[in-house]
Amino acid sequence: MRCEEIGGNIYFNGDCIAGAREYVPSNSVDLIITDPPYGINGDQLHKHYNRNEEFVVEGYVEVPASEYGEFSLNWIKEAERILKPGGSIYIVSGYTNLYHILHALRQTKLEEINHIIWKYNFGVYTSRKYVSSHYHILFYQKPGGERTFNLESRFGVKEKDSTDGSLNYQDREDVWIINREYKPGQVKNKNELPTELLIKMMQYSSNEGDLVCDLFLGGFSTAKVAVGLNRRATGFEISPSMFDTKIEEMRSIEPGFLLSTLRCPEIEELANQGKSWTTEDINTLVLRFNQLTESGKTKKETIELLEKELGRGRWSIEKMLKKLGIQFNGGKRGRPKKKPITNVLKDQTLLPSE
Ligand SMILES: C[S@@+](CC[C@H](N)C(=O)[O-])C[C@H]1O[C@@H](n2cnc3c(N)ncnc32)[C@H](O)[C@@H]1O
């Protein structure tokens, strides 16, 4: 199989199933992001999408619908093998053949983490039914290791929008609204994934130096973003014409070129984050919880004050309150029931942290 090495990264021109079997060792890849062919006669896609074909690279290789189930199982089994334990995989799929991909995933040991809906701005034109403008992104992990999930890589957990909503929470909701890119006058693959979408997946699910693989490189968008974020990249593209065009573009990609475009999250360092709870900490927690709730503070207000006073995160505080059997039985606006909590801590020694 033909391959090209650029800056230490190897890209293969050939079938990903046979190629991965031969060239990619088991348990070697940190993250797979991939967008397999759709099995819906891809070479007709431009008719649905009504695009100007002048700048679209020819050579998209489609899989016959009748073979899609077997094809999906074969490549997904390879993906499972090459992922490191704890490694993540994101599979982008339309709705037509989604059931084949879900069925194949269920025949592996890969575990579902999220089923994300990606809403985009380039729906198929229709006049007698609803307009389709979403893709499915199946986020799974290989069991047996710790999964990378960089919680605050994009927004600190305390960052708020103008209406006091959590930016971190909003960014991690499982419906993503990300527009496709229009690249007027540039040569592109028919179905290129937006840079913003790829950056998001890589920021949460990988670190600099990690190996990111795309089994269906198409326009090499995954590889470009991976290199741009200082990850290592590899992958397969079966079409020689697509490979030839895109490999040339890869030669001019500067490692790390996207890093300066990333938003800098505001991350609050908590003094006691990750530390075990001492008896004294727990006594303070109970005492202050009683005082604050008795004074009529809402649950939200109480937890926020406790976070500051104890130097611990919200989850840790809520978990400890639960462990102590302390419930915040708020009525309207989360106000607690009146009953104070006393004597919870007779013989508490060190308790493990969150
Ligand atoms: C949906 S496109 C990928 C688009 C890509 N994510 C991008 O952003 O440009 C799927 C690609 O897989 C390629 N392909 C089809 N069968 C393949 C196979 N068995 N091995 C490797 N590539 C294949 C197609 O030629 C097509 O370029």
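## A buried leucine in a loop

Let's start at Leu193, which lies in the loop between β7 (175–177) and α6 (195–205). Helices (H or I, at least four residues) and strands (E, at least two) are DSSP runs, numbered from the N terminus. This is a predicted model, in which local features need pLDDT of at least 70 and side-chain atom pairs count only at pLDDT 80 or more, while totals for chains, interfaces and linings use all residues. Residues are numbered from 1 along each chain as its sequence is written.

Is Leu193 buried or exposed? Leu193 is buried, because 26 other C-beta atoms lie within 10 Å. The cut-offs are 20 or more such atoms within 10 Å for buried, 12 or fewer for exposed, and partly exposed in between, with C-beta atoms placed from the backbone. Leaving aside residues up to four places away in sequence, Leu193 touches Asp35, Val92, Leu198 and Ser221; contact means that the C-beta atoms, placed from the backbone, lie within 7 Å. Leu193 and Ser221 are 28 residues apart in sequence, yet their C-alpha atoms are 6.5 Å apart in space.

## Around the ligand

The ligand is surrounded by 20 residues, and the closest are Asp35, Phe216, Gly218, Gly219 and Ser221. To be counted here, a residue needs its C-beta atom, placed from the backbone, within 6 Å of the molecule.

Sorted by class, this shell has ten nonpolar, six polar and four charged residues. Ala, Val, Leu, Ile, Met, Phe, Trp, Tyr, Cys and Pro count as nonpolar, Asp, Glu, Lys and Arg as charged, and the others, Gly among them, as polar.

## Strands side by side

Next comes strand β4 (residues 83–93), which is largely enclosed by the rest of the structure because eight of its eleven residues are buried. Strand β3 (residues 29–34) runs parallel to β4, and five bridges join them; strands pair if DSSP finds at least two bridges between them. Val29 has Leu83 of β4 as its bridge partner. With strand β6 (residues 134–141), β4 pairs in the antiparallel sense over six bridges, and Ser88 stands opposite Gln141 in β6.

Another pair is formed by strand β1 (residues 2–6) and strand β2 (residues 9–13), antiparallel over five bridges. Cys3 faces Phe12 in β2 across this pair. The hairpin of β1 and β2 has two residues between the strands, and Gly7 takes a positive phi near 55° there.

Helix α10 (residues 299–310) packs against helix α11 (residues 314–323) at an angle of about 105°, with their axes 9 Å apart. Axes are lines fitted to C-alpha atoms, for helices over the stretch in contact, and angles run from 0 to 180 degrees between N-to-C directions. That angle makes α10 roughly perpendicular to α11, a label for 65 to 115 degrees; under 35 is roughly parallel, over 145 roughly antiparallel and the rest oblique. Ile303, Leu306, Glu307 and Leu310 of α10 meet Arg314, Ile317 and Glu318 of α11. These contact residues divide into four nonpolar, no polar and three charged.

Trp315 also belongs to helix α11. Trp315 is exposed, because 11 other C-beta atoms lie within 10 Å.

## The whole protein

Stepping back, the protein has eleven helices and nine strands. Of its 354 residues, 32% count as buried.

How values were computed: Two residues are in contact if their C-beta atoms, placed from the backbone, lie within 7 Å.
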